[in-house]
Amino acid sequence: MKRHRNVKIVATLGPASSTYEVIRALVEAGADVFRLNMSHGAHDEIRARHAIIRQVEEDLDTPIGILADLQGPKLRVGAFANGEEELVAGADFRLDLDEADGDATRVRLPHKEIFDALEPGASLLVNDGKIRLRVKDCGADYADCEVVVGGTISNRKGVNVPDVVLPLAALSEKDRKDLEFVCELGVDWLALSFVQRPADVEEARKLCKGRAAILSKIEKPAAVKAFDEILAVSDGIMVARGDLGVELPVQNVPPIQKRLVRRCRAAAKPVIVATQMLESMIESPMPTRAEVSDVATAIYEGADAIMLSAESAAGQYPIEAVATMDNVAHEVETDGTYREIIESSRKVAHNSVADGIVAAAREIAETTNVKAICCFSQSGTTASLVARERPRVPILALTSIRGTARRLCLTWGTNCVVTGEVDRFKMAVVNAARAAREQGLATEADMIVVTAGVPFNTPGTTNILRVAPCDERLIFSADNE
C-alpha cells in the first residue's frame with residue numbers, strides 16, 4: 001500500500017480498536033505498524049489482535065508491522081489504611097519494607113533494590129512526579145525523606161527514581177513470559193521498557209533468539225547518558241517522552257528528542273517519537289493546535305515514526321487520530337522548509353562501500369529524472385541505509401523475506417514489497433522495474449536506480465548500483481549488447 005508520505009505511523013491497539021473493521025480502517029487511514037501494549041490485555045486478547053492484523057495484511061496485500069511493548073518493572077508504593085493521605089511540603093515521610101498499611105508518616109515501598117541504590121540527596125517522584133521527596137537518610141530497608149512538593153498520595157501509586165541507576169533488570173518475570181509469548185506468536189519488533197544500560201538490551205536479545213528486532217525505549221536519565229552504547233546494541237529506538245518528562249525537567253525533553261533522533265538517523269536505525277502526541281483526541285474529534293505542532297516538529301526533525309497510544313487504544317476517535325497524523329505528515333513533507341531542514345541535517349557517512357553506494361543512489365536520483373530508488377534487502381540493512389539518506393524520491397524495498405518487509409514498515413520512506421528470490425542481478429532489475437510500475441511509482445517510460453548486494457541472499461553486501469529503464473525490453477536488450 002503506497003503512502004504519500006515518508007514518516008510512518010504507529011497505532012496502539014486496545015478496547016477501542018480490537019475488531020477487524022476498526023483495524024482495517026486504521027490501516028486504510030494511515031497506520032503502518034500496530035503496537036500491542038503488554039501492560040494491558042491478557043494473552044488471549046493479544047493473540048486475537050495479532051490474528052486480526054495478519055488477516056488485514058493478507059486481505060489488503062500489504063506488509064504490516066507489529067510491535068509488542070513489554071511492561072518493564074513497575075515500582076509502586078503499598079497501600080494506605082485510609083486509602084490515601086495528604087503530604088504537606090516540609091513534612092517528614094518514610095518509605096520502608098514494613099508490610100503494615102501506610103499513614104501520613106510512612107508507607108511500604110516493596111522494592112529492596114531501591115533502598116540498596118539510594119543515597120542522601122536523591123529524589124523520589126510519586127504519582128508521575130506530582131509528589132517529590134528528597135532522601136535525608138537511608139539504609140537497607142528504609143528511606144527517611146523530606147516532602148519537597150506535597151499532594152495526595154494513594155494506594156499503589158508509581159515511584160520514579162531519576163538520580164540513580166537501579167540494580168534492577170529491565171525484564172521482570174512477567175516480561176520474560178510475555179517476551180516468549182509474543183516471539184512465538186510472531187511479532188516483528190519488541191519494545192524494551194526500563195532500559196538503563198546496554199546489558200539490558202543484550203539480555204533481551206539473547207531471549208529473543210533472532211525472532212524479533214529489539215527497540216529500546218529511552219525513558220530514564222541513565223538511558224540518555226548511555227545512549228550511544230544502547231543505540232549500538234539496539235535495532236531501533238523509541239523516545240518515550242512520558243517517563244522521560246517525569247524523571248527530567250520537562251524543558252530538557254525537546255532538545256534530548258532532537259539529539260536522539262539525529263543520532264538514530266546517523267546510525268541508520270529507526271526512531272519513534274511517542275507519548276501524548278494527540279492526547280486531546282482521546283475525547284475530542286479535533287486535536288489542539290499545540291498537538292499538531294508537536295507532531296509536525298517530530299516530522300521536521302526526521303523521525304522515522306510517530307506514535308499514538310491511548311488515542312487509538314482507548315479513545316473515542318481512533319481512526320480520526322490516525323487520519324490527523326497522516327494529514328499533518330502530508331502537509332509538512334510538501335513544505336519546502338521540510339526539505340531544507342532534512343538535507344541540512346544529513347550526516348555524510350562514507351565508511352564503507354555500502355555507504356558510498358546509497359549516497360550515490362540518492363545523488364543520481366536527485367540530479368536526474370529517476371523516479372525511485374529500488375533496493376533488494378534480505379536483512380533490511382540496504383533499505384535502512386538508503387532511508388538514512390532521506391532521498392527526495394520514493395524508496396522501494398524488495399525482499400523475499402516477509403519478516404524483513406514487516407520490520408521495514410517502521411523505517412522512513414520505505415515502500416515494502418515481498419518478491420521471489422533472485423540469484424542474478426538482471427532478474428533483480430526486472431523485478432524492481434515490475435514492482436515500481438505495480439506500485440505506481442513509475443511507468444515504462446521512466447528510469448529507476450537499483451541497488452543490491454552480490455552475491456545475493458548474503459546480508460550486508462550492498463555493492464552494486466544500476467540506473468535502469470522500467471521497460472523490461474530495454475533491460476534485456478541492453479544486456480545483450
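A salt bridge is a side-chain nitrogen of Lys or Arg within 4 Å of a carboxyl oxygen of Asp or Glu. Keep that in mind for the exercises below, and remember that you're looking at a predicted model.

**Exercise 1: Two domains meeting**

Find out how many salt bridges cross the interface of domain 1 and domain 3, and describe that interface.

*Solution.* 

Step 1. Get your bearings: the protein chain splits into domain 1 (8-72 + 170-339), domain 2 (84-160) and domain 3 (353-477). Domain 1 brings 27 residues to the contact and domain 3 brings 20 residues.

Step 2. Check the spacing and the area. Taken over C-alpha atoms, the centres of domain 1 and domain 3 are 26 Å apart. About 1900 Å² is buried between these two domains, with carbon and sulfur atoms giving 52% of it. On the domain 1 side, Lys8, Pro63 and Arg339 lose the most area to domain 3, and together they make up 31% of what that side buries.

Step 3. Count the links. The rule finds two salt bridges across the interface of domain 1 and domain 3, along with 12 residue pairs in polar contact. As for where domain 1 touches domain 3, the elements that each supply at least two residues include β1 (8-13), α2 (43-60) and α9 (253-266).

**Exercise 2: One pair up close**

*Solution.* 

**Exercise 3: Checking a helix**

Work out what span helix α17 should have, and compare it with the distance between its end C-alpha atoms.

*Solution.* 

Step 1. Helix α17 covers residues 425-438, which is 14 residues. The expected span uses 1.5 Å times one less than the number of residues.

Step 2. That should come to 20 Å, and the end C-alpha atoms are 20 Å apart, so the two agree.

Step 3. Now look inward: the buried residues of α17 include Phe425, Val429, Val430 and Asn431. Just after α17, Gly440 has a positive phi of about 75 degrees.

**Exercise 4: Placing Val332**

Is Val332 buried or exposed, and what does it contact?

*Solution.* 

Step 1. Val332 belongs to helix α12 (residues 318-333).

Step 2. Its relative accessible area is 6%. Buried means under 20%, so Val332 is buried.

Step 3. Setting aside neighbours within four places in sequence, Val332 contacts Ala296, Ile299, Tyr300 and Tyr338.

Conventions:
Residues are numbered from 1 along each chain as its sequence is written. This is a predicted model: local features need pLDDT of at least 70, side-chain atom pairs count only at pLDDT 80 or more; totals for chains, interfaces and linings use all residues. Side-chain values use heavy atoms; hydrogens and water are left out. Helices (H or I, at least four residues) and strands (E, at least two) are DSSP runs, numbered from the N terminus. Buried means under 20% relative accessible area, exposed over 50%, partly exposed in between (1.4 Å probe, protein chains only). Domain bounds come from an automatic or database domain assignment. Contact means heavy atoms within 4.5 Å. Buried area is the accessible area (1.4 Å probe) that two parts lose on being put together, summed over both. A polar contact is a pair of N or O atoms within 3.5 Å; within protein, one must be able to donate a hydrogen and the other to accept it, and residues adjacent in sequence count only if both atoms are side-chain atoms.
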